[in-house]
Amino acid sequence: MARSRAAKRTVTPVARILLKEETLDPSFVPPRLVRREKELELTFRRYREALGKGLPYHLLLTGGVGSGKTALARRLGVDLERGGRLGGFPLKAAYVNCWRRASDRTVMLDLLRTVNVSLPDRGYSLSEMLDVFEQGIRRQPQHLLVLLDEASSLVRQETKLVYLLTRSHEVELGSISLVLIATEDLFPYLDPASRSGFGVTHRLSLAPYDRAALVEILAARAELACRPGSVDREVLDQIARIAAPNGDARFALELLNGAAHAAEDAGADAVLAEHVRRAKGSLLPTVSESQLEALSTNQLGVLLAISRTLKRRGGSVTSQKLRVGHSALLEELGAPTMSRTTFWRTLKELERDGLVTLENAGTGESSQVAMDELPASYLSTLLEERLGRGRAGKG
Ligand SMILES: Nc1ncnc2c1ncn2[C@@H]1O[C@H](COP(=O)(O)OP(=O)(O)OP(=O)(O)O)[C@@H](O)[C@H]1O
Ligand SMILES: [Mg+2]
């Protein structure tokens, strides 16, 4: 009797929790932007007013990681596309993610595709490409809203494209408007000629989400993605509390996704606090690109030395061995040597930023240096690329 009941229990199908997981994907554009209604309304109005008069409009959209920049920009694009003709022309939004290795040319190739023109990857100068681009727009008269996401490295590389796009409004048959999106304020990096298009009313900075906002965002998304009743308010609040220090909605949604998976894997029919904890433990800690960007060259060098040493050696390394590795690295890079004091101070700074841990600290040379935050191989690639680029830039 007891045995048959147990057998019965094991075959009872567990109700799924994630019914529409795709709605938790970062590329999903949510139908409603919680707590960003004002910003969306304002930018929507500004674009419509300008374009209605036949004038392009440009916006610099900034905010921390997961503050909803991409979501806001994409939502704006969709809403403007649906909003009807402006000054006689329809609007089309063209989204390009410029993350890493982006150059004016690769971005331009993407943009050409959005106006249904394809060019071979070589042999054309940027201004030739721009001519072809404008011809493409003339063939299908329209306002083009170009959304350049993660535009930091593009703009820091002294892009000419931004200038050309902000100036090419004499297309006659429509206009080209820009939204530049980045975690940092790009205004200082724009050349003086482009800056005129990004005056104070053309800059929008998104504040980090607070805990209450994160709860609302999570609740709205859980409603779309999860079976009704499978995620209660307490769990949402727990996730929001974890994500609140950075105000990062992306991290919050990743946690929700991870917790729901953990619950499904455990055969539970609802997400519980322990599933959230499990998800938090297994998610890669997010050392953001902007955090790495903020590090000094000294710090980057020491981090790279750690990550190279750990890649070979495992869990931790003595600061003495690390210093030997670091000196070799500096030599390899042709950089000046670093004094013991500076080296030690840099290590302490990295410890303070939570990037490394020092054990038996105090006696200097005998400390064990560890880094659990990131896989060494990943960091190594990232940092070598950055240092390489930094040197190339200076040279
Ligand atoms: N106000 C909001 N309402 C609903 N969902 C939101 C809101 N803000 C952000 N999200 C969601 O949170 C996630 C992260 O947002 P988004 O990708 O827009 O952040 P971001 O600022 O572009 O971050 P990053 O700097 O890392 O690119 C996305 O899944 C997005 O849909
Ligand atoms: Mg983004």
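Modeller: Five strands, written 5 strands here, form an open sheet with parallel pairing, in the order β2-β3-β4-β1-β5. Strands (E, at least two residues) and helices (H or I, at least four) are DSSP runs numbered from the N terminus, and two strands pair if DSSP finds at least two bridges between them. The model is predicted: local features need pLDDT of at least 70, side-chain atom pairs count only at pLDDT 80 or more, and totals for chains, interfaces and linings use all residues. Residues are numbered from 1 along each chain as its sequence is written, while chains are lettered from A and ligands numbered from 1 in the order in which they are written.

Colleague: Which residue of β3 is the bridge partner of A93?

Modeller: β2 and β3 (residues 143-149) pair in the parallel sense over 7 bridges. In β3, the bridge partner of A93 is L145.

Colleague: At what angle do the axes of α4 and α5 cross?

Modeller: Axes are lines fitted to C-alpha atoms, for helices over the stretch in contact, with angles from 0 to 180 degrees between N-to-C directions; contact requires C-beta atoms, placed from the backbone, within 7 Å. The axes of α4 and α5 (residues 126-139) come within 10 Å and cross at roughly 15°.
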